[in-house]
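Thanks for coming. I will go through one structure this morning, so please have a look at it before I start.

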Amino acid sequence: MAEPLVKVEDLKQYFPIRNGLKVNWLKAVDGVSFEINASETLGLVGESGCGKTTVGRSMLRLYEPTGGKVTFDGTEITKSNIQQMRKEMQMVFQDPYSSLDPRMTVEDIIGEPLDVHHLYANKAERHEKVLDLMDQVGLKADHAARYAHEFSGGQRQRIGIARALAVNPGFIVCDEPVSALDVSIQAQVINMFEELQNKLGVAYLFIAHDLLVVRHISKRIAVMYLGRIVEVADADELCDEPQHPYSQSLLSAVPIPDPKIARERKRIVLEGDVPSPLHMPSGCPFRTRCRYATEKCALERPELTDRGGDHFVACWNK
Amino acid sequence: MENYDVNKMPKKQFLSAQIDLSKFEKATDEEKQQQDIMGESTTFFKDGMKKLLKNPLAVASMIVLLFVITVIIVAPMIVPYSYEEILTVNGKRDKGAKNLKPFTYSKEEQKFIANGGERFPHIMGTDEQCRDYFIRVVYGTRVSLIVGFFASIIVLIIGMIYGSISGYAGGRVDLFMMRVVDLIYSLPDMLVIILLSVVFTNVLSFKSGSFLAALGTNMVSMFMVFGLLYWVTMARLIRAEILSIKENDYILAAKSVGASPVSIIKKHILPNCLSVIIISTALQIPSAIFTESYLSFVGLGVQAPMPSLGSLANAAREGLQSYPYKLVFPALMICLIVLSLNLIGDGLRDAFDPKLKR
Ligand SMILES: Nc1ncnc2c1ncn2[C@@H]1O[C@H](COP(=O)(O)OP(=O)(O)OP(=O)(O)O)[C@@H](O)[C@H]1O
Ligand code: SF4
Ligand SMILES: [Mg+2]
């Protein structure tokens, strides 16, 4: 198999929580590894607060990672080469409202990456490039001089995508790019992501908490729980035959369009709350809410193991 | 949903709240296009100025301030006396022109006018050293305004740089920088100002003829005192604002695009705390003017014969019972300037940042 485009190994991101003089470490991401091939999409799902955004941000070194290694196209990303790497790896943010500077015009927002990396010879070329990017994401040219606050959520997200595309990156982290949007607009934006991938060949890490959204766009899906990946598999396989108890409960919560099937399906309702990442349970992090939990689960942490056919699960239960 | 047939909808029941779709008309293409056109693009500034101009108090204050500024620029060109000139008639010192009431002439001057001479009226009378009081008040206002503006600019520059570094860096750097601010903040202002002014006035010496010498050591030491003491409030305000702006994803977005910290501060953070900067600078000016007047009043301000509103008021104390108007004019001027600047500051705050309440 060819070398993957993006390789993440044992990524860790701990945040210090100062409580007086004592420092507690919040393990937002605790040893995450995955690979993404060129022009492919890996979906990343998990409930709110499980560390999805943090994975994306520490991959791009928006936070200084506590540990682990991120490799892009064979080069390890370090502090010294991150500036060049920003041309290869970009991000689309979760909140279309706070991710665009309210004091800048659309042209300046999309033009900023071009400015930073000196990607044009003169003003005219910059303008042309910005208009071209706007056209790619379906924005009208006469919107260039307007301010971000004049646009709807969907349009703002398109501006954010155009900004990410400006440097012509090989890989984009899409951090829940549609979860703040209306359902009707979600589909449009997701389709646009797919079209852009077909046209430009970019790879995505597509973060969402909705499995259906991710299944549609991803080749593979990783399920995250409390800062760890608990299951990775081919998108369809994971959705049809989830193996980890947590993935099963996630899937059982997905609404099904057909009422007949929906009635027959057993719904697994998780009991209890997500434990605080400050006080991780010993052994398997999912132990406190798992129906199949045994004594072994409390003692030892299960690692991701191959169950055949590139389907990885971190659970003691076979 | 596109080809939805209205007629296939279930019939509306009597008393049902269901919308009767058959009563709706389809939007024409023109109407659809109208939906697409957005309102006129307004920038943050245009919007704020519009609101400011709708505030009658702020507009009135601006007019008053403009009037005062015009007077202090134009008056020295028209009035034939200078602020340090002792009045003379026909080249001889006019000893009778002492403590004249407004719009009156001394005996010598009356004789001069009776002989067909022209004499410019003493609009505010004269002082005890036979100098025209109006022109002295005009110069005093000049000095006060200049001190106010420059001191505020110094405060703004120091406070902005310090506050933005502290706010942007965060963590330990922020902690240390803010403790320094707390330390300075906890000093009793007036005591330090008086001590510093005394020290600077004695230590500083300038080559005669230089720009600084023209200003006088007292004036320069006053700027330094303001610069050293009053930037802390500005630094705190700007830091607090930056901390909240830093939470926004567009700062992370700029970082992910590869922008340097300096360019992030310049292009994203400062423009977004512009409203706070404008407002607090506008409110800083009157407070600087007030402090200057106070210092001049206790004799630590600008050097004689250069007048300032504070030193004029101080000089007027002596003959307060006989010549009360001599206190009234500079005091009124201080009130007018400070009040209108404060009202403009308030207006700016309401127009640009309704959330900021003190
Ligand atoms: N800068 C930070 N400092 C301290 N703790 C943080 C920071 N960023 C995130 N966290 C914590 O890390 C954990 C994971 O947060 P993260 O934003 O990655 O979750 P998420 O999966 O993206 O959630 P959501 O679906 O709500 O976006 C949370 O408990 C959060 O409180
Ligand atoms: S390891 Fe144990 S507790 Fe964890 S998911 Fe599997 S069965 Fe449940
Ligand atoms: Mg998130």
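Of the 358 residues in chain B, 35% count as buried, where buried is defined as having 20 or more other C-beta atoms within 10 Å of the residue's own, with C-beta atoms placed from the backbone. This is a predicted model, in which local features need pLDDT of at least 70 and side-chain atom pairs count only at pLDDT 80 or more, while totals for chains, interfaces and linings use all residues. Residues are numbered from 1 along each chain as its sequence is written, and chains are lettered from A in the order in which they are written.

Chain B has 14 helices and 2 strands; these are DSSP runs, H or I of at least four residues for helices and E of at least two for strands, numbered from the N terminus. Among chain B contacts with a separation of 6 or more, 68% come from residues 24 or more positions apart. A contact here is two C-beta atoms, placed from the backbone, within 7 Å.

Now the interface. On chain B, 18 residues are in contact with 22 residues of chain A. The elements giving two or more residues to that side of chain B are α10 and α11 (261-272). The most comes from α10(B), with 8 residues.

On chain A, look at helix α3, residues 106-116, where the buried residues include Val106(A), Ile109(A) and Ile110(A). The buried residues of α3(A) pack against α4 (123-136) and α5 (153-165) of chain A, together with α10 (249-257) of chain B. After α3(A) comes His118(A), with a positive phi near 50 degrees.

Notes: A residue is buried if 20 or more other C-beta atoms lie within 10 Å of its own, exposed if 12 or fewer, and partly exposed in between; C-beta atoms are placed from the backbone.
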